[in-house]
Amino acid sequence: MNSLIKIKLFLRLKIWRWLVGTDPRFDLNNRVFHSICLIVICALGYNIPFNYLIGLKHIAILSAVSFVLFIIIYYLSRVKQLNSLALILFCIGGNALFISNFFLNSGIDGPTDLFFILTMVVMIAVIPIRYYWLLITFHFTIILTLHSVQFMNPNLVPYSYASVDNRYIDMTSAYVIVIILILCNFYFIRHNYETERKSAEQKAAMMKLLNEEKNKLFSIISHDLRAPLTNVQNYLELMNEIDLSQAEQTDIKDKLLSSTRNTLDLLNNVLSWSKSQMEGLKFKTTTLSVHELLLPQLLLFTNIAQNKKIKIEISIDHDLKIVGNGDMLQLIMRNLINNAIKFTAPGGRIIVSARQEGNYGLMLVKDTGTGKPIKLSNNIFYLNSESTKGTANEKGVGLGLVLCKEFTEVQNGQIWFECDSVSGTTFFVELPQFHKHVVAMNQ
């Protein structure tokens, strides 16, 4: 029962938002204006039979004409988006309606002055600020003129009530309607203001985050990419200017290869991240054999690990198949293994495994660390986290894990880590497993 009530409330709220117009085509003033138009239409719809029943047939006819007019005004603003025209008709139509009502419904002895106050409040809510004084002057001019006309020529404004009771009922009803409409008017102004304020705060927070990411990217380009290339240049100039022994040349070549490899990995990550930010992630998922996809990549890392005297153990289920994107999965595993090599002390060990876990394929990269316990936070998956140097002073920029998280989640997977109490860290990547019957059903 509660669920049914919630669904009904949700649908009503959704319909109301659609009627008011919440899409970017309509600003705050437009939404307030549409809200007021809808409330005025409802009030006039009530006023037609009410005035007819208490004997004010002329007022009932006038209310019916106004009812049609305000539907047209709402249509012009909400559907045709002719906001200026609708606003002009609203001001002219509202004042014309109540001027007529003044002469048809007992003048100063009727409820017209209350309706004029309502008109002014409503128009102040939707009219641009530069027209405020013009509007207020116009309002006072109309009121003073009508009162003066009735004072000098009472016969022009007949008393229209059949009994005192009818006047009490009409005045009370008018007061209640005016107060309700004014309260609704301020409610919608306040509500829309709060909505706009929260939206502005969210946009400001997003702009701050984007600005931090932009500064981080500029830092990468200006420093982290330039520094390795400078090292390569210095090594080459040294080899060109000085006669080096074979052992020294071999050592420099190893350093050149390491620096070039790190720079290439860094450049690939920068390009992948920049492309995902500018163009969005566009990719296709297919059925992947994890063993066939990852084993060639992992064998390349064994040579890199051997240079730090680190042993890599590989254990991948030959039958494991997942649904994902091959390029993304390779990039994820490359970054995780690179990090493991970077933060594992010489003589350490790295375990790379992949196996079935329920309906998912679970891949993990476990390292023995530096020999000391380490504590990591989830900030490592975000670009604003600080990068640290590896055990051999390897430099990173923190982009690798950002891409791992982004590429894993976009493939309907998840990534997390666990820190060993003694030393080392294990990263887990979970992606949906391939099932023949699911594919058959989809086909």
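**Helix packing in the predicted model**

The crossing of helices α10 and α11 is right-handed in this predicted model. Helix α10 spans residues 290-306 and helix α11 residues 326-342; the two pack at an angle of about 25 degrees, and their axes are 10 Å apart. Because angles under 35 degrees count as roughly parallel, α10 and α11 are roughly parallel to each other. On the α10 side the contact involves L293, L294, Q297, L298, F301, I304 and A305, and on the α11 side G326, L329, Q330, M333, R334, I337, N338 and I341. Sorted by class, the contact of α10 with α11 comprises 10 nonpolar, four polar and one charged residues.

By class, the contact of α5 with α6 has 10 nonpolar, two polar and one charged residues.

The unreviewed UniProt entry lists residues 32-53, 59-77, 84-104, 110-127, 132-152 and 172-189 under "transmembrane region". In the model, the span 132-152 is 100% helix and 0% strand, with its end C-alpha atoms 30 Å apart. For residues 84-104, the end C-alpha atoms lie 30 Å apart, and the span is 100% helix and 0% strand.

Conventions
Residues are numbered from 1 along each chain as its sequence is written. This is a predicted model: local features need pLDDT of at least 70, side-chain atom pairs count only at pLDDT 80 or more; totals for chains, interfaces and linings use all residues. Side-chain values use heavy atoms; hydrogens and water are left out. Axes are lines fitted to C-alpha atoms, for helices over the stretch in contact, and angles run from 0 to 180 degrees between N-to-C directions. Helices (H or I, at least four residues) and strands (E, at least two) are DSSP runs, numbered from the N terminus. Angles under 35 degrees count as roughly parallel, over 145 as roughly antiparallel, 65 to 115 as roughly perpendicular and the rest as oblique. A crossing is left-handed if the near helix is turned anticlockwise from the far one by less than a right angle, and right-handed if clockwise. Contact means heavy atoms within 4.5 Å. Ala, Val, Leu, Ile, Met, Phe, Trp, Tyr, Cys and Pro count as nonpolar, Asp, Glu, Lys and Arg as charged, and the others, Gly among them, as polar. UniProt positions are given in the numbering used here, feature names are shortened, and annotations may be inferred rather than shown by experiment.
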